[in-house]
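Subject: Structure handover

Hello,

Here is the structure we talked about passing on. My notes on what was found in it follow below.

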Amino acid sequence: MINDVIKDVQHRMHGALDALHREFKTLRTGRANASMLDGIVVDYYGTPTPIAQVASLKVPEPSLIVAEPWDKSMVSVVEKAIRNSDLGLNPATDGKVIRIPIPQLTEERRKELVKRAHHMSEESRTAIRQVRRDGNDKLKRMLKDHEISEDDEKRALDEIQKMTDKHIDEVGSILKSKEVDIMAV
């Protein structure tokens with residue numbers, strides 16, 4: 001029973017870290033990366049669809065992303081979606097292919113992205129703490145229902161706290177790494 005609670009807590013904390021990794025991939029750095037466009041949704045015949053599902057995305061050089069919609073009639077729609085995203089990109093098209101040059105980031109834009117990364121990290125920390133709270137509540141309920149002893153509860157609470165500390169430290173190191181990546185010129 002206790003092992004189930006601990007496994008669930010660990011799984012959910014891992015999920016929070018995975019979500020942070022995915023969110024950080026959408027943050028722009030100075031280099032082109034196709035996953036930067038993951039957050040862009042295209043209106044595909046009335047259905048909001050991720051850009052990766054309507055076009056092939058390639059990175060032929062460090063400062064360029066090339067999007068090639070499979071349906072050529074979608075070229076202007078994809079271009080418009082990229083232009084309207086908050087990434088500050090200015091795509092150009094030749095009717096078949098969309099070239100998306102990745103401009104160098106200004107110092108101001110870098111600081112803005114770092115601030116956004118801090119916000120994402122704080123949301124991740126909050127999610128991890130919420131998972132800890134849920135796990136602790138389950139253990140307290142189990143103690144109250146006489147399913148576990150006080151010693152078992154204390155050991156499990158300590159283990160959950162250690163997992164929480166480890167995952168929050170990991171969020172900090174992931175954030176530091178992303179900060180260095182964003183601020184690198």
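Contact here means heavy atoms within 4.5 Å. By that rule, and leaving aside residues up to four places away in sequence, Val9 touches Val131, Gly135, Ile160 and Met163.

Two points on the source. This is a predicted model, in which local features need pLDDT of at least 70 and side-chain atom pairs count only at pLDDT 80 or more, while totals for chains, interfaces and linings use all residues. Residues are numbered from 1 along each chain as its sequence is written, and side-chain values use heavy atoms, with hydrogens and water left out.

The cores. A nonpolar core is a set of buried Ala, Val, Leu, Ile, Met, Phe, Trp, Tyr and Cys residues joined through side-chain atoms within 4.5 Å; buried means under 20% relative accessible area, exposed over 50%, and partly exposed in between (1.4 Å probe, protein chains only). The largest such core has 28 residues, and Val9, Ile128 and Ile160 are among those with the most contacts inside it. Helices H1, H3 (107–144) and H4 (150–183) are the elements that give two or more residues to this core. Helices (H or I, at least four residues) and strands (E, at least two) are DSSP runs, numbered from the N terminus. H1 supplies the largest share of the core, nine residues. A second, separate core of 20 residues includes Leu37, Val42, Ile51 and Ile82.

His14. This residue lies in H1 (residues 2–25). His14 counts as partly exposed because its relative accessibility is 39%. Its side chain makes a polar contact (a pair of N or O atoms within 3.5 Å; within protein, one must be able to donate a hydrogen and the other to accept it, and residues adjacent in sequence count only if both atoms are side-chain atoms) with the side chain of His167, at 3.2 Å. His14 and Ile128 are 114 residues apart in sequence, yet their C-alpha atoms are 8.8 Å apart.

The strands. Two strands pair if DSSP finds at least two bridges between them. S1 (residues 41–44) and S2 (residues 47–50) run antiparallel and are joined by four bridges, with Val42 opposite Thr49. They form a hairpin with two residues between them, and Tyr45 in the turn has a positive phi of about 50 degrees.

There is also an open sheet of four strands, in the order S3-S4-S6-S5, with antiparallel pairing. S3 (55–61) and S5 (92–93) stand at the edges with a single partner strand each, so one side of each has no neighbour in the sheet.

Regards
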